[in-house]
Amino acid sequence: MNQIWKGLIAASLLINLTTSNSAENTTEKASEVKSSKDVPTTPKIAEIDHTTSIKISADEQKFVDNMVEKYQLDAQKMTQWIAMAETKQSIIDAMNRPAEGVLSWTKYSKIFLTERRLKEGLEFWKTYQEELTRAEQTYGVPAEMIVSIIGVETSYGRIKGSYRVLDALYTLGFHYPKRGKFFKSELGHFFRLSEQHNWQPETRIGSYAGAMGYGQFMPSSYISYAVDFDDDGTTDLINNPVDAIGSVAHYFKRHGWKKDQEVVIRARITNWKASKLAGRSTKTKYTVAGLKQKGVVTSANIAVDTKVSLMSFDHETKNEYWMGLQNFYVISRYNRSHMYSMAVHQLSQQLKKAYKPVIKKSETKASAE
Ligand SMILES: [Ca+2]
């Protein structure tokens, strides 16, 4: 997703995986137990169905009025939805928890690049081979990249989050001042989606930051990039993997993915001063020639005027240096972390290497005729 907070969403899954490698279900149960201790900070009276008696705060009323003006949403419905939202301390705690920042690349990569994730990815690819090929043809984004994103985000739809999206966006919008503006805006988009799709918003489940479905789209991204890829009349990224496949590819294309181009290349530092140029930023602010002048070289066959970033990956005893191209930057539009982007890229390469396309009987027959 194109929000900073997307970084933290993967981080939440990261924590789940770190604390419970083999039993994600246990982790979810544990978080349910934790959530039950959460006490709403405002009395919730949604059970009372005559809406005139619902009281929301002045701040909440201002938000409702704003959404009515901006998107012509139904004020009464929004008031009811807000009254059903609960403030969860566990969501605020998750938001404040440092995650990606404290792990070395060695540790981080081990969480995502696992035998299981590779194996399940190959299965997912086989199952949706036709749709992935169609997405590749439509948007120019390779199948292995789409599979990898869905694998890193939700283990191919197996772990789509355990919080009510309504609680997540409400809590962060109204009780997390440093990001209130952003999450109020996401809550507004979530209400728009709920009206458009006839959702009961209180039943939607997602990450602690309110990201939903196979690809963990934030509501604003859902509105901007979701596509009805199986053409059944609804755009469902929560339960429909085909719509999710098309939408992830569409997201990448709209963020500037360049078909058939390199993603990232290994670099070597020949001058200690040059190591200071390397960091976490994925912005392509250098050229290959410019870096060479400063003592950063690559053995990859690449045009010297190619624009690249220069990143350092911490291997505990040594640093590894890489130049990221435009496509690496595009991956980082899904999640700003350079480690996230590298994990997605490397998983995609493992998938590509191991994948054997399924040849259908009908195709064999057709080609034999
Ligand atoms: Ca659909």
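Two strands are taken to pair if DSSP finds at least two bridges between them. Helices (H or I, at least four residues) and strands (E, at least two) are DSSP runs, numbered from the N terminus. The structure is a predicted model, in which local features need pLDDT of at least 70 and side-chain atom pairs count only at pLDDT 80 or more, whereas totals for chains, interfaces and linings use all residues. Residues are numbered from 1 along each chain as its sequence is written.

An open sheet of five strands was identified, with the order S4-S6-S7-S3-S5 and antiparallel pairing. Strand S4 (286-287) and strand S5 (296-297) stand at the edges, and each has a single partner strand, so one side of each is left without a neighbour in the sheet. Strand S7 (residues 319-324) pairs with strand S3 (residues 264-269) in the antiparallel sense over four bridges. In this pairing, Ile265 stands opposite Met323 of S7, and Val264 has Gly324 of S7 as its bridge partner. Strand S6 (residues 307-314) is also antiparallel to S7, the two being paired over six bridges. Here Gly324 in S7 is the bridge partner of Ser309.

The hairpin of S6 and S7 has four residues between the strands, and Glu316 within the hairpin takes a positive phi near 70 degrees. Thr317 is likewise found in the loop between S6 and S7. With 7 C-beta neighbours inside 10 Å, Thr317 counts as exposed; a residue is exposed if 12 or fewer other C-beta atoms lie within 10 Å of its own, buried if 20 or more do, and partly exposed in between, with C-beta atoms placed from the backbone. Thr317 and Thr106 are separated by 211 residues in sequence, but their C-alpha atoms are 9.9 Å apart in space.

Positive phi values near 60 degrees were also computed for Tyr156 and Asp260, neither of which is glycine. Tyr156 lies in the loop between helix H9 (143-154) and strand S1 (163-164), and Asp260 in the loop between helix H13 (241-254) and S3. Tyr156 is buried, with 21 other C-beta atoms within 10 Å, whereas Asp260 is exposed, with 7 C-beta neighbours inside 10 Å.

Among the helices, H5 (residues 89-96) and H10 (residues 165-175) pack at an angle of about 70 degrees, with their axes 9 Å apart. H5 is therefore roughly perpendicular to H10, a term applied to angles of 65 to 115 degrees, with those under 35 counted as roughly parallel, those over 145 as roughly antiparallel and the rest as oblique. Axes are lines fitted to C-alpha atoms, for helices over the stretch in contact, and angles run from 0 to 180 degrees between N-to-C directions. Ile91, Ile92 and Met95 of H5 meet Asp167, Ala168, Thr171, Leu172 and His175 of H10, contact being defined by C-beta atoms, placed from the backbone, that lie within 7 Å. By class, this contact of H5 with H10 has five nonpolar, two polar and one charged residues; Ala, Val, Leu, Ile, Met, Phe, Trp, Tyr, Cys and Pro count as nonpolar, Asp, Glu, Lys and Arg as charged, and the others, Gly among them, as polar.

Notes. Two residues are in contact if their C-beta atoms, placed from the backbone, lie within 7 Å.
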